[in-house]
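User: I am new to this structure and would like to know what stands behind the words used for it. Please take the terms one at a time.

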Amino acid sequence: MSEKEDYIDYWINKWQNKETFFHRTKINPYLEKHFEKILDKNGRILFPCCGKEIDMAWLASLGNQVVGVEVSEIACEDFFKENNLKYFVTDLNQFRLFESEDGGVKIYNGDFFKFDLKYEKPFESVWDRGSYVAFPKHIRDMYPSHMKSLLGKNVRYLLDTVQYDQLLYAGPPFSISDDEIIQNFGSLFKCELIEQKAIRPCHPGMDQVGIMKESIYYLIVKK
């Protein structure tokens with residue numbers, strides 16, 4: 001994705017062309033390990049740029065309410081069909097809302113940066129895997145302030161990033177340094193690195209990168 005390329009068209013095309021290497025078919029081990037750190041029993045959680053993440057169905061099955069935002073209509077439809085969830089669709093102002101019949105999962109189909117508190121009350125929990133890392137630098141620079149506008153004062157937020165030599169692969173997922181997290185999020189959030197592990201890329205187009213670092217940050221809003 002180039003700096004000038006429209007991120008909406010880019011991701012819609014990826015889903016249309018079935019280039020979804022980033023999708024995981026198993027529950028994310030970091031979320032499974034740490035979800036109780038950010039989510040109370042029968043809580044409510046935001047999944048920005050959620051794709052068709054199976055983690056949403058898993059958390060909903062535990063009695064939580066999951067709210068996703070996703071630009072691809074294909075991803076929204078696939079999520080409900082692949083998880084055998086009956087759903088209905090409502091046309092809203094700038095979004096189409098896909099909602100399970102039991103209300104456990106809602107996915108707003110549209111541009112994350114147009115999603116605001118007209119649609120939902122503030123969130124106290126966030127799982128951010130594949131969202132922040134999906135955007136080029138000029139979009140990432142405005143991401144934290146938009147995210148904070150969606151959150152309550154007691155939010156608990158897990159952010160999943162990767163780090164590698166960006167000269168070897170242009171992204172996405174984009175390489176995110178520890179310094180960038182502090183620079184972009186540090187004025188708004190207290191940021192704690194709670195996990196870091198060497199991994200191999202899941203995308204064959206990233207073979208030249210070799211080993212990269214995956215990091216999990218725990219964020220809370222500064223008072």
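Analyst: The answers below concern a predicted model and set each value against the definition of its term.

User: Why is N28 called buried?

Analyst: Buried means under 20% relative accessible area. N28 has a relative accessible area of 1%, so N28 counts as buried. N28 is found in the loop between α1 and α2 (29-38).

User: What does N28 touch, not counting residues up to four places away in sequence?

Analyst: N28 touches D55, W127, R129 and D160. Contact here means heavy atoms within 4.5 Å.

User: What makes the pair N28 and Y30 a polar contact?

Analyst: The pair must be N or O atoms within 3.5 Å. A polar atom of the N28 side chain lies 2.9 Å from the backbone nitrogen of Y30, so the distance is within the cut-off.

User: How do you know that the buried residues of helix α4 are on the same side?

Analyst: The buried residues of α4 (residues 73-82) are A75, C76, F79 and F80. They cover an arc of only 125° around the axis, and therefore lie on the same side of α4. In general, an α-helix has 3.6 residues a turn, so residues three or four places apart point the same way.

User: What covers the buried residues of α4?

Analyst: The cover includes α1, α3 (54-61) and β2, along with β3 (87-91), β4 (96-100) and β5 (105-109).

User: What caps the N-terminal end of α4?

Analyst: S72 does: one of its side-chain oxygens lies 3.3 Å from the backbone nitrogen of I74. The cut-off for a polar contact is 3.5 Å, so this distance falls within it. Just after α4, N84 takes a positive phi of about 55°.

User: What makes a space a cavity, and how many of 30 Å³ or more does the structure hold?

Analyst: In a cavity a 1.4 Å probe fits but cannot get out. The structure holds one cavity of 30 Å³ or more. The largest cavity has a volume of about 40 Å³. F47, P48, C49, C50, E53, W127, D128 and R129 line the largest cavity. Two or more of its lining residues come from each of β1 (44-48) and β6 (123-129).

User: Which residues are closest to the centre of the largest pocket?

Analyst: The largest pocket holds about 570 Å³ of space. Of its 34 lining residues, F22, R129, G130, V133 and A134 are the closest to its centre. By class, the lining has 21 nonpolar, five polar and eight charged residues. The largest share, four residues, comes from α1.

Note on methods
Residues numbered from 1 in each chain as written. Predicted model: local features only at pLDDT ≥ 70, side-chain atom pairs only at ≥ 80, totals over all residues. Heavy atoms only, no water. 1 Å grid on protein atoms, 1.4 Å probe; cavity = no way out; pocket = protein on both sides within 12 Å on 5 of 7 lines; lining within 4 Å. Points joined across faces, edges and corners; volume = space filled by probe spheres on them. Nonpolar A, V, L, I, M, F, W, Y, C, P; charged D, E, K, R; others polar. Buried < 20%, exposed > 50% of the residue type's maximum accessible area, 1.4 Å probe, protein only. Polar contact = N/O pair within 3.5 Å; in protein donor to acceptor, adjacent residues only side chain to side chain. Arc of directions from axis to C-beta.
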